[in-house]
Amino acid sequence: MKANEIRSMSVSELEAKLAELKKDLFMLRMQHATNHLDNPTKISATRRDIARVKTVLRQKQN
């Protein structure tokens, strides 16, 4: 997910996206723990997306 896409979202959309990404991260961690995860780099990519969304949310709140 690109930063430009995130910046074009509204605050409510960003909060929904953040909740979705956190849920995805949880599922990825569960799959990794049970050795069912095909691509472990998805975990770090999801963490970066969460950080991007949080950063833009903070910028829009101020």
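Author: **Helix α2**

The 23 residues of α2 should span 33 Å at 1.5 Å a residue, and the end C-alpha atoms of α2 are 33 Å apart, so the two values agree. The expected span is 1.5 Å times one less than the number of residues. Helices here are DSSP runs (H or I, at least four residues), numbered from the N terminus.

This is a predicted model, in which local features need pLDDT of at least 70 and side-chain atom pairs count only at pLDDT 80 or more, while totals for chains, interfaces and linings use all residues. Residues are numbered from 1 along each chain as its sequence is written, and side-chain values use heavy atoms, with hydrogens and water left out.

Buried in α2 are Leu 14, Lys 17, Leu 18, Leu 21, Leu 25 and Leu 28; buried means under 20% relative accessible area, exposed over 50%, partly exposed in between (1.4 Å probe, protein chains only). An α-helix has 3.6 residues a turn, so residues three or four places apart point the same way.

The cover over these buried residues includes α1 (3–7) and α3. From α3, Thr 46 touches Leu 21, Leu 25 and Leu 28, leaving out residues up to four places away in sequence; contact means heavy atoms within 4.5 Å. Thr 46 is itself buried, at a relative accessible area of 10%. Ile 50 is in contact with Leu 18, Leu 21, Lys 22 and Leu 25, its neighbours within four places in sequence set aside.

After α2 comes Asn 35, with a positive phi near 60°.

Terms used:
Helices (H or I, at least four residues) and strands (E, at least two) are DSSP runs, numbered from the N terminus.
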